[in-house]
Amino acid sequence: MHYTTNLSKPLFADFQLILGQYINGDRRSLNLEGGVRTGSKFAIGPRYELNDVTLTDTANMKREVTTHLFGVRTSYSFSPDVSLNALVQWDTNRDRFVSNLRFNYIISPGSNLYIVYNENRDNGDMTDALLGDPLDRTLIVKLAYLFDM
């Protein structure tokens, strides 16, 4: 079951419920996302995802896995061609904070420059760091350019 309001309105929401088979077991999943948009430039919204999976192994033993994912998604459009998007989320199963920051510049239709920064932090053995110790960081630059031959 899936329900989405108009995502271009000042208040928006998305709801999804999934019940069914998953690999060698059953899956129950709930996704909630919403937000507030101020004009055409800025949007922010929380997100929550629940996954409850029951798996059966070859010896017919059942194993339950439940995960919660909490996050916040933001976007800001400097102009129709330049935007910045961010997603920060916490995964209870791995006890990690994950952040993603993406800058997009549309050079011309079909041609884009992307600069993406990702970071994973382990929250399990929190030390002095606010969100745990950094596990890995990546910086990716991608240029997609469309040209006629």
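Is D122 buried, exposed or partly exposed? D122 is partly exposed, with a relative accessible area of 23%; buried means under 20% relative accessible area, exposed over 50%, and partly exposed in between, with a 1.4 Å probe and protein chains only. The legends below place this residue and others in a predicted model, in which local features need pLDDT of at least 70, side-chain atom pairs count only at pLDDT 80 or more, and totals for chains, interfaces and linings use all residues. Residues are numbered from 1 along each chain as its sequence is written, and side-chain values use heavy atoms, with hydrogens and water left out.

**Figure 1. The whole chain, with 0 helices and 9 strands.** From the N terminus on, the elements run β-β-β-β-β-β-β-β-β. Helices (H or I, at least four residues) and strands (E, at least two) are DSSP runs, numbered from the N terminus. The radius of gyration is 19 Å, well over the 15 Å that the globule rule gives for 149 residues, so the protein is more spread out than a compact globule. That radius is taken over C-alpha atoms, and the rule is 2.2 Å times the number of residues to the power 0.38. Along its principal axes the C-alpha trace spans about 60 × 40 × 40 Å. Of the 149 residues, 24% count as buried. The protein exposes about 10300 Å², of which carbon and sulfur atoms supply 60%; accessible areas come from the Shrake-Rupley method with a 1.4 Å probe, and for residues only the protein chains shown count as cover. Among the contacts with a separation of 6 or more, residues 24 or more positions apart account for 32%; contact means heavy atoms within 4.5 Å.

**Figure 2. The open sheet of 9 strands.** The strand order is β1-β2-β3-β4-β5-β6-β7-β8-β9, with antiparallel pairing. β1 (2–4) and β9 (133–144) stand at the edges with a single partner strand each, so one side of each is left without a neighbour in the sheet. The twist averages 10° from one strand to the next. Axes are lines fitted to C-alpha atoms, for helices over the stretch in contact, and angles run from 0 to 180 degrees between N-to-C directions. Two strands pair if DSSP finds at least two bridges between them.

**Figure 3. The hairpins on either side of β5.** β4 (residues 42–56) and β5 (residues 62–79) pair in the antiparallel sense over 15 bridges. V53 has V65 of β5 as its bridge partner. The hairpin of β4 and β5 has 5 residues between the strands, and N60 takes a positive phi near 65° there. β5 is joined to β6 (residues 82–91) by 10 bridges, and these strands run antiparallel. In β6, L84 is the bridge partner of Y76. The hairpin formed by β5 and β6 has 2 residues between the strands.

**Figure 4. An aromatic cluster of Y48, F70, W90 and F97.** The structure holds 4 aromatic pairs. Rings of Phe, Tyr and Trp (its six-membered ring) pair if their centres lie within 6.5 Å; planes under 30 degrees apart count as stacked, over 60 as edge-to-face and the rest as tilted. F70 and W90 form a stacked pair, 5.9 Å centre to centre with 20° between the planes. F70 lies in β5 and W90 in β6, so the pair ties together parts that are 20 residues apart in sequence. F70 counts as partly exposed at 39% relative accessibility. W90 is also partly exposed, with a relative accessible area of 28%. W90 and F97 form a stacked pair as well, at 6.3 Å centre to centre and 25° between the planes.

**Figure 5. Strand β8, with S111 and D122.** β7 (residues 96–108) and β8 (residues 111–122) pair in the antiparallel sense over 12 bridges. E119 in β8 is the bridge partner of S99. S111 is buried, with a relative accessible area of 0%. Leaving aside its neighbours within four places in sequence, S111 is in contact with Y105, I106, A144, Y145 and L146. D122 and D52 are 70 residues apart in sequence and 22 Å apart in space, C-alpha to C-alpha.
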